[in-house]
Amino acid sequence: LVIDWNQSFQKKAGTPLEVSAHLSKDKNKVMLQEGTVIYEKAKVGFSGDFFQSEEGQEAQGNLWVKLTSFPFRGPYFKQDLDISGEAKLTLDSIEQSIIQLKGKSFELVLNTQVNSFSDPKVKVDIVSSEMDLDELFDWKAMKEAKKNKEPEARSQPVNNSSSATTKESSPAQKALGRVLVHIKSLKAYNVLIEPIKGQFNLKNLKLEGSFDEAQVLGGKLRLVLYVDASQKELQYGFQGQMKNVSLEKAVASQVEWLKNTLVGSLDGEFSGTGSGMNAEKAKHNLKMTGKVQVRPARLSTIDINQMVSQGVTSAISKAGDKIPGLKGKQLKIDPVSSEFQQMTSSFSIKDGVFFSPDFYAQAVPRKGLEAKGVTRLDIRDFSLDAHWDISDPYNLLKMNEVSVEEGGVRVESILLEKGKAFYFPVKIRGSLFKPDYDYGAIPETLASIALKNVSFAVQERAKGELKKQAQEKLKQVTDKAPPQVQQILKGIFK
C-alpha cells in the first residue's frame, strides 16, 4: 500500500500550512519514508517506522525529526533567532532531542533525553557559549507594555488559596532526572554574569540544586534553589551569598531600581521562598531574610548635608521658643561628607515590603556623620518610610561649642546629651528615587535636651552655693576646735 498526500490548505486566513508524506505498509509494519511539514518559513522533515511483531504485543516504532533552520521573532525581540533541531523518538521515549537557537551574540542548545513516557527518567543539558539578552530584547518596549498593564494587574486581588493544592497524579509526577546548566556568559540590563554552571535533580516535580560560584558586577555570587511544580501554583525557594559585588557597576547598568540609590562594595547572605508566576503576585508572596554590608558606601539620593542645613538650623531657631538663649543663634556649619565607612543591616521581605530594623551607616572617621534606625521600602512601588537618628561622633558640626546664659547660669554644650554625640531625628518618606524629609521632630528633641542641660546646670550651681556656705560655716567651727578635731573636719569637703 502506497499513500501520497501533498495538499495545501488554510489553517486560517493568511497562515498556510503544507503537509506531505510518503508511507508504505507490509504485513505488520508501516514505513514513513519521507514527510514534510511547512509552516510559513519553518520546515520539519520526518521519517520513521511503526510495527507490531505479533498480535497482542505492544506496538513499537521510531521517528526521526529534523527542523531546518528558520528565523523566529518573538514579542519585544530586536532581532530574529534562527531555530533548528533534530530528534529521535520512539513510542515510549525521546532517545535524543537537540534544539538550537542562534542570533547575534546569542546561542543556546537544549539537549533532552527521556527514556520512558510512562515512568520517565529525564536528562536535560542547557548549554550556551554566549547569551546577550540586551541584543535580543527591547527592554524599553517591554517596560512600556508592562506599565500599561500595571493598573489592571494591581486592581486584581491577590489570591493564594490554590498554593497548597496538589496537582492530580500523572506520569510527570513520577519523573526522575537531572538538569545540567553551563552558560559561559549571560548579559542582561548591561550586567554580565559568567559562568553560570549548575546541576539540579528532579523528583516528584521538584527541581533542586545549586549553581557554582559566578562572577557578577566585579564580585562573586553563589546560589542554591528549588522549584516545586507539584502544586497548582509554582513554589520556589533559594539561599545565596554575595561577596565584593560592585554597586557602582550596578548603578551604571540598566537595572532601574539600582540607579541613583547606593554605591559601594556589597557583601551579604540571603534566603527566601515564594510562589506564583505573575509579577505582582510573586512580589506579594515573596518572603526573604538576610543581612548585608556595604563598604565604603554612599547614598546617592539621600542628602545628609540637606538634613543638616535645613533640618538642624531651623530646628535650633524653633527650640528658642523654649530656651530663649537659643533664639537667633547663628551657626556656621561646614559641609560634611556624604560617604560612610560602611553600612550594615539585617532585613526581611514580606507582603511586598522590605523591612530593616537595624540600619546603621558608620561615619568615615573625622569626615562624616552617622545614621541609624528603622527603614521600610515597598518593593512594588519603591515608596519609602524611614525613621533615622543622624549623629555627629566627630563633632564636625561643632555643636559642643553652642552655649547659652539662662537665669544667670552659663550652660555649656547645651544641645548635647551627657556622654553622647550630637544627634537629631529625621523621617524620610516619598520614594527611594525622590525622598522627602520630615524634620518635625528635631525642634522638640533639641529643646528637650537643652532643658535637661539647663536644669542640670542650675542644680549644679545650687549645689555649689550650698557647698560654699557649708564650707564657710565649717571653717568657723574648725578654727575653735582642738587640733585633733580640726584634722578630721578638714577632709569633709575634699
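Predicted model: local features only at pLDDT ≥ 70, side-chain atom pairs only at ≥ 80, totals over all residues.
The largest nonpolar core comprises 66 residues. Within this core, the members that touch the most others are Met 307, Leu 326, Ile 414 and Leu 415. Helix 5, spanning residues 304-319, supplies seven residues, the largest share of the core. When neighbours within four places in sequence are set aside, the contacts of Met 307 comprise Ile 302, Val 312, Ile 390, Phe 424, Val 426, Ile 428, Tyr 437 and Tyr 439. Another core, of 20 residues, lies apart from the largest one; its members include Phe 77, Val 114, Leu 136 and Phe 200.

Strands 5, 6 and 7 were examined in turn. Strand 5 (residues 60-72) pairs with strand 6 (residues 81-90) in the antiparallel sense, over nine bridges. In this pairing, Leu 81 of strand 6 is the residue opposite Phe 72. Strand 6 and strand 7 also run antiparallel and are joined by nine bridges. Between these two strands, Asp 82 has Lys 102 in strand 7 as its bridge partner.

Ser 97 is located in strand 7, which covers residues 93-103. The relative accessibility of Ser 97 is 13%, and this residue therefore counts as buried, the cut-off being under 20%. With residues up to four places away in sequence excluded, Ser 97 touches Glu 86 and Ala 87, together with Leu 110, Asn 111 and Thr 112.

Notes:
Residues numbered from 1 in each chain as written. Heavy atoms only, no water. Core = buried A, V, L, I, M, F, W, Y, C linked by side-chain atoms within 4.5 Å. Buried < 20%, exposed > 50% of the residue type's maximum accessible area, 1.4 Å probe, protein only. Helix = DSSP H or I, 4+ residues; strand = E, 2+ residues; numbered from the N terminus. Contact = heavy atoms within 4.5 Å. Pairing = 2+ DSSP bridges.
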